[in-house]
Amino acid sequence: MKLKLLLVKTYYSFPIQLLLLHFRKYQVLLIFWAILFSTINGGFAKVFGGDALFLAPEYLGNVSFYSTTILGLATGFFTMSWNITTFILHTGRFKFLATTSQPFFKYCLNNSLIPLTFLLCLLIRGWEYQRYEQLSTVPEILLLAEGFICGFLFVIFFSFFYFFNADKNISRRLERRFGNPRNFLRTIMKPGQEHDENALPVHNYFSSPFRVRRARNVDHYNKHYLDNILKQHHFAAMITVGLALVFLVILSFLIDYDVCRIPAGASVMVFFAFLIGVAGAYAYLLQTWAIPCLLVMLFLLNWMTVNDWIDNRNKAYGLEYREKKQRPDYNVANLQKFFSAERVAQDKAQTLKILEQWKAKFPAGQKPKLVVMNFSGGGSRAATWSMNVLQRLDTLTHGAVMRHTMLMTGASGGMLGASYYRELCYRKLQGMPVNIQDSVYTDRVARDLLNSVFTALAVNDFITPFRSFQIGNNHYAKDRGYAFERQLNLNTDHVLEKTLKDYQLPEQQARIPMLVWNATINADGRRLIISPQPVSYLCSPQYQYPTRSLPDVDGVDFGQYFSAQRAMDLRITSAIRMCATFPYVLPNVFLPSDPIVDVMDAGIRDNFGQETTLRFLHNFRDWINENTSGVVYIQVRDTRKNDIKPIAKNKDLSDLIFEPLFTMQQHWSAMQDFEQDNQVNYMEGYFPHKFHRIIFQYVPLKEDKAAALSWHLTSREKIDIAGALDNTANQASFEYLLKLMQ
């Protein structure tokens with residue numbers, strides 16, 4: 001009997017009734033908590049490194065006491081926004097609160113089941129992440145935890161102090177309105193009123209963290225009086241929600257200043273605080289009209305987007321977008337006409353001159369090995385792996401590999417590392433004090449890029465999408481694409497702050513290898529080929545015995561097709577970003593064609609850059625056979641080749657439903673590998689006994705501990721990537737290359 005009574009009291013306690021009410025009403029507000037719980041536990045956005053935003057928040061380039069304090073402040077702000085919003089929505093069902101002192105404090109105390117669970121989970125996961133991923137010491141972790149807790153508690157205490165003063169102001173207003181206590185009691189006490197149908201039964205509640213009190217019956221109170229008390233608290237609460245918007249707007253205007261770029265996890269928390277407040281206010285004010293009004297707003301937003309009233313599309317920085325009349329027509333007929341046989345012949349002749357310049361670097365009469373390099377996509381993991389491999393090659397061959405290299409190409413993060421390494425080599429050739437083998441350069445490539453991107457996503461893209469910056473007479477959106485390039489320049493000490501035309505002459509003189517960036521055109525899957533040199537011969541297959549009068553154009557030479565739009569003024573960081581535009585993380589880049597087309601990650605079409613390389617070798621096969629002693633084809637990839645992921649022995653219902661939909665996405669890289677291996681097999685026939693393929697692949701020391709496909713790397717992941725250089729397969733590849741280069 002006592003157990004039954006205890007269960008009844010527990011069920012009808014205020015904390016349990018509130019928890020059940022959250023799941024019964026306004027479930028959309030729980031989505032924010034679900035996203036946060038899933039993110040910190042390695043579920044939501046794991047592939048993007050989303051957990052790192054909260055478990056290793058960076059501020060001014062470091063995870064420190066200050067960074068976790070800011071995250072704690074933001075978490076406290078989100079928690080109070082959650083409390084405020086649900087307080088506004090639900091207190092009409094718990095009017096006994098109006099008869100208590102400090103009703104908002106009582107509400108928050110009893111509404112703390114979800115926030116406290118999240119805090120406990122965040123602290124535990126943060127400990128594990130810092131200990132085993134960041135390799136932090138126990139004192140360092142305790143200091144980070146102290147910063148987070150201090151920041152969180154500061155917001156909580158400040159909020160309660162604010163609402164305590166609000167209680168005093170409400171009491172003073174009531175005194176002025178009713179005068180003496182007798183008039184007050186006569187007004188509020190009206191026995192015999194109808195029971196409020198919206199009220200939920202509550203037997204007890206926490207009046208303090210360690211004290212439980214019985215909830216008072218308020219049926220004898222004037223209903224309008226109780227509503228008035230709660231509404232005055234609602235007004236005080238709405239002011240707090242408005243502060244979130246003001247804070248986000250201020251951040252967006254100051255985001256160019258390092259000190260104002262708070263950790264991305266904190267920005268997400270503040271953004272969620274604003275969204276949850278807006279969602280709550282929207283539902284509270286519109287009630288049953290909420291969904292119809294939402295549909296109308298979505299229709300208006302779509303209409304304004306279609307009619308260019310709202311245009312925050314990302315653009316390639318340095319490219320001309322103002323002159324619409326000169327834009328090239330993007331259609332099959334115009335592409336076939338533009339990339340004509342005459343243009344191909346002209347471009348091949350120019351590249352042959354570069355090949356002759358490359359050969360002139362070696363002693364007369366010598367037939368050197370021609371090296372081509374491919375770099376796979378894979379975010380910071382691929383960029384860091386590429387730098388590690390290139391630096392080791394430089395050490396082992398004393399710089400000979402780069403001297404023999406004619407072409408570098410690939411996709412996504414690998415091209416970031418390749419672009420940075422080539423620029424360092426070029427600076428060394430110019431006499432600048434650059435030690436190519438210095439590990440500081442690998443550390444710079446491995447620095448975090450995710451924090452800036454997500455901060456801009458939360459602050460700029462959603463709150464102030466109208467903001468822009470100017471290059472010449474062109475305006476470009478100040479969004480997460482801008483944040484990515486800015487942070488990349490900061491990480492690499494601004495050495496990539498160049499344009500395509502800055503590399504035209506050095507490539508023509510063969511002082512540095514030709515480097516080709518690729519992207520995928522969403523409209524039709526064609527490749528966008530970005531190079532300082534004219535390379536139309538890469539835009540269509542060159543059949544030995546053509547059966548068609550018109551070429552099958554499957555690529556677009558960016559430099560020539562958009563020459564009227566000043567293509568050579570394109571920033572190198574924009575070329576890298578176009579090559580590495582992973583869906584949603586970075587915005588698609590729109591190009592000034594007619595109609596406008598947008599591009600994204602090169603990995604959609606070719607994650608290893610092999611198509612570009614194989615077509616280059618095929619076009620110049622005769623010259624290569626006559627003037628070189630063979631081709632050394634180096635592939636630097638951040639995934640294991642011919643890898644088979646564990647196959648489930650038993651399939652559940654979700655597998656049967658969703659596998660047919662996502663099979664291609666799950667095996668995209670493997671399918672590209674199989675197809676390109678077949679192409680490589682044919683290519684070997686053009687260079688009999690003179691084609692040498694060497695693969696350097698990142699294989700984690702532990703199978704289940706591979707570095708994440710993200711723009712953020714942990715300390716453990718950086719060590720793991722560097723350690724992969726010494727595995728058996730890569731050591732054999734280094735030895736084989738040294739043998740070939742002798």
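Biologist: What handedness does the crossing of H3 and H7 have in this predicted model?

Modeller: H3 passes H7 in a left-handed crossing.

Biologist: Why is H3 called roughly parallel to H7?

Modeller: The axes of helix H3 (residues 30–40) and H7 cross at roughly 15° and come within 10 Å. Angles under 35 degrees count as roughly parallel, so H3 is roughly parallel to H7.

Biologist: Which residues of H3 and H7 meet?

Modeller: On the H3 side they are Leu 30, Trp 33, Leu 36, Phe 37 and Ile 40. On the H7 side they are Ile 114, Pro 115, Thr 117, Phe 118, Cys 121, Leu 122 and Arg 125. By class, the contact of H3 with H7 has 10 nonpolar, 1 polar and 1 charged residues.

Biologist: What makes H5 roughly antiparallel to H7?

Modeller: Helix H5 (residues 65–90) packs against helix H7 (residues 113–132) at an angle of about 160°, with the axes 10 Å apart. The cut-off for roughly antiparallel is over 145 degrees, and therefore H5 is roughly antiparallel to H7. The crossing of H5 and H7 is right-handed.

Biologist: Which residues make the contact of H5 with H7, and how many are charged?

Modeller: H5 contributes Thr 75, Thr 79 and Trp 82, and H7 contributes Ile 114, Pro 115, Phe 118 and Leu 119. The classes are 5 nonpolar, 2 polar and no charged residues.

Biologist: How do the spans 26–45 and 65–89 compare with what UniProt says?

Modeller: An unreviewed UniProt entry places the feature "transmembrane region" at several spans, including residues 26–45 and 65–89. In the model, residues 26–45 are 55% helix and 0% strand, with end C-alpha atoms 24 Å apart. Residues 65–89 are 100% helix and 0% strand, and their end C-alpha atoms lie 36 Å apart.

Biologist: Why is the aromatic pair of Phe 154 and Phe 158 called stacked?

Modeller: The count comes to 30 aromatic pairs. Among them, Phe 154 and Phe 158 lie 6.4 Å centre to centre, with 15° between the planes. Pairing needs centres within 6.5 Å, and planes under 30 degrees apart count as stacked, so this pair is stacked. Both residues lie in helix H8 (residues 138–178), 4 residues apart, about one turn of the helix.

Biologist: What makes the phi of His 398 worth a remark?

Modeller: Most residues other than glycine have a negative phi. Phi of His 398 is near 55°, a positive value. His 398 lies in the loop between helix H15 (379–397) and helix H16 (400–404).

Biologist: Which residues does a cis peptide bond join, and what is omega?

Modeller: The bond joins Asp 594 and Pro 595, with omega about 0°. Pro 595 lies in the loop between strand E11 (589–591) and strand E12 (597–600).

Conventions: Residues are numbered from 1 along each chain as its sequence is written. This is a predicted model: local features need pLDDT of at least 70, side-chain atom pairs count only at pLDDT 80 or more; totals for chains, interfaces and linings use all residues. Side-chain values use heavy atoms; hydrogens and water are left out. UniProt positions are given in the numbering used here, feature names are shortened, and annotations may be inferred rather than shown by experiment. Helices (H or I, at least four residues) and strands (E, at least two) are DSSP runs, numbered from the N terminus. Axes are lines fitted to C-alpha atoms, for helices over the stretch in contact, and angles run from 0 to 180 degrees between N-to-C directions. Angles under 35 degrees count as roughly parallel, over 145 as roughly antiparallel, 65 to 115 as roughly perpendicular and the rest as oblique. A crossing is left-handed if the near helix is turned anticlockwise from the far one by less than a right angle, and right-handed if clockwise. Contact means heavy atoms within 4.5 Å. Ala, Val, Leu, Ile, Met, Phe, Trp, Tyr, Cys and Pro count as nonpolar, Asp, Glu, Lys and Arg as charged, and the others, Gly among them, as polar. Rings of Phe, Tyr and Trp (its six-membered ring) pair if their centres lie within 6.5 Å; planes under 30 degrees apart count as stacked, over 60 as edge-to-face and the rest as tilted.
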